[in-house]
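Me: Can you walk me through this one? I'd like to start with the pockets and then get to the helix packing.

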Amino acid sequence: MDSREFVRTAPGLDGMVVSAVGYRTEGQRPGLHRGLPSPYLTLIFSLDGAIATGNTPDQATGADAARTDIIVGGLHQSPAYVVRPEHEAGIQLAVHPLASRALLGLPAAGLTGQLVVGGTDVLGGPAAGIRERLCDLDRWEDRFALLSAYLRRRAAAAEDTAGTVRPEVAEAWAWLARHRGAGTLGGLARHVALSERRLTALFRAETGLTPKQAARLMRFQHAKTAVARAVAAGAPPDLARVAADTGYYDHSHLVRDFQQYTGMAPTGWLAEECRNIQAGAHGRGEE
């Protein structure tokens, strides 16, 4: 019997963690999950076996797959493939990129170039002990409390060692978020009183993305969420309306971004993800 459980909580970490979701599934058909790009970093503590991932379906299911009990994922611009076993459980967090220094000990740009990084390689050996304690707990609220306390301790300890985010970069990210990924690079540069070239260099050094790349991810995130909400409500999504409402030039512009970020057209992604969306699993660490 296929059993699915998804539990969301308010992270309560001063905006450093955007969402936190506990998940447990039993009896599902083994396959692949398509992890989509988003404007957030990913932190997963598996409460089951090691998680296998790859840049392609063949890599994820082959000998070259990355396998780890704790996943740290940076900002990426193409789908990641995650092996979906018959049963799995874990906690997935969406971490704000500008909180990477505080929570992970390095800027988000330090995670670029790799699909995922083993959690203990970033967080250190104590993270493995936290994972063991999470596995020993029975209630989701206790697991969330333990993980929140652990991350708060990391943030407090990092104040004097991890460096700070330049205020121009922080304000640039906030401006892009307020504009939901719309607006021009020139307008953003004027807002933070930097040249476009200087802003792009500082922004990429902190996040691993240019401001334009981050803006595209934010816009796509809003469009994907709108589509998923329509499906969850039992209504066929109006992609032309979604495109207009989320800042795309037209329907074909939205389709091009879907093809880049999901590897398929919106209709194909919907067919693949429909069951997950209706079960509440869609974007489990992203919204």
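Me: How much space lies in the largest pocket?
Reply: About 280 Å³. Keep in mind that this is a predicted model.

Me: Which residues lie nearest its centre?
Reply: G181, G183, K212, A215 and R219. They belong to a lining of 16 residues.

Me: OK, on to packing. At what angle do helix 6 and helix 9 pack?
Reply: About 35 degrees, and their axes are 10 Å apart. The crossing is right-handed.

Me: Which residues make that contact?
Reply: From helix 6 you have W173, L176 and A177, and from helix 9 there's P211, A214, A215 and M218. The contact residues are seven nonpolar, with no polar and no charged ones.

Me: What about helix 9 and helix 11, how are they oriented to each other?
Reply: Their axes cross at roughly 100 degrees and come within 11 Å. Angles of 65 to 115 count as roughly perpendicular, so helix 9 and helix 11 are roughly perpendicular to each other.

Me: Who's touching whom there?
Reply: The helix 9 side includes R216, R219, F220 and K224, and the helix 11 side (residues 251-262) includes H253, D257, F258 and Y261. That contact divides into six nonpolar, four polar and four charged residues.

Note on methods
Residues numbered from 1 in each chain as written. Predicted model: local features only at pLDDT ≥ 70, side-chain atom pairs only at ≥ 80, totals over all residues. Heavy atoms only, no water. 1 Å grid on protein atoms, 1.4 Å probe; cavity = no way out; pocket = protein on both sides within 12 Å on 5 of 7 lines; lining within 4 Å. Points joined across faces, edges and corners; volume = space filled by probe spheres on them. Axes fitted to C-alpha atoms, helices over the stretch in contact; angles between N-to-C directions. Helix = DSSP H or I, 4+ residues; strand = E, 2+ residues; numbered from the N terminus. Left-handed = near helix turned anticlockwise from the far one by under 90°. Contact = heavy atoms within 4.5 Å. Nonpolar A, V, L, I, M, F, W, Y, C, P; charged D, E, K, R; others polar. Parallel < 35°, antiparallel > 145°, perpendicular 65-115°, else oblique.
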